Amino acid sequence: MGLAEIPENVANGDYYYKLGAFAQMRLQGIPWIQSPRIEKTFKICNYSPLGSANFSPDMVVVLCTPKQAMQLVQADLYTDGGCIQTGFAGKQSLCGDIVANTLNTNSVQVSLGCSGSRKHAKIDDNELIVGIHWRRSGSL
């Protein structure tokens, strides 16, 4: 996410290559938080169920069914139209695809998840992950 430097073996692709995720070693392009507003002050990451958070979040992560993700995207686009521009690789999905991409783009992001997030965050097989930037929350 940007709390620490990306380990060299992840940044250069060696980590996922050795896991058999790719046929050749290549750079991954894993997103990390790049917003100037956050970069200068980003030292910690607080997380909490939204209903019991005692802070104002920069973003919200939603675990939901594909249908619910569709409804969140449709709600976000309701006023202005357009389409969601999202990117994911099935690697580093919560940290990169969702947290970093959502904060970097000030947008709604969707990810299929990855093996690590599904295991450690206990994301079910029938769930997707949606990141909602606080600036977009008024449209939902």
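N106 is placed in the loop between α5 (93–105) and β2 (108–111), where helices (H or I, at least four residues) and strands (E, at least two) are DSSP runs numbered from the N terminus. The structure is a predicted model, in which local features need pLDDT of at least 70 and side-chain atom pairs count only at pLDDT 80 or more, whereas totals for chains, interfaces and linings use all residues. Residues are numbered from 1 along each chain as its sequence is written, and side-chain values use heavy atoms, with hydrogens and water left out.

The backbone of N106 has a phi near 55°, a positive value in a residue other than glycine. With a relative accessibility of 30%, N106 counts as partly exposed; in the classification used here, buried means under 20% relative accessible area, exposed over 50%, and partly exposed in between (1.4 Å probe, protein chains only). A positive phi of about 55° also occurs at K122, which is not a glycine. K122 is located in the loop between α6 (115–120) and β3 (128–133), and its relative accessibility of 66% places K122 in the exposed class.

Side chains of opposite charge can pair when their charged atoms come close. With a salt bridge defined as a side-chain nitrogen of Lys or Arg within 4 Å of a carboxyl oxygen of Asp or Glu, the count comes to 2 salt bridges. One of these joins K18 to D14, with the closest N and O atoms 3.3 Å apart. Because K18 and D14 are 4 residues apart in helix α2 (residues 14–18), about one helical turn separates them. K18 is exposed, at a relative accessible area of 64%, while D14, at 18% relative accessibility, counts as buried.

A salt bridge is also formed between D76 and R136, for which the closest N and O atoms are 2.8 Å apart. D76 belongs to helix α4 (residues 66–77) and R136 to the segment after β3, so this pair ties together parts that are 60 residues apart in sequence. Within the pair, D76 counts as buried at 4% relative accessibility, whereas R136 is partly exposed, with a relative accessible area of 24%.

The loop between α4 and α5 contains Q85, which is exposed at a relative accessible area of 61%. Although Q85 and T105 are 20 residues apart along the chain, their C-alpha atoms are separated by 9.4 Å.
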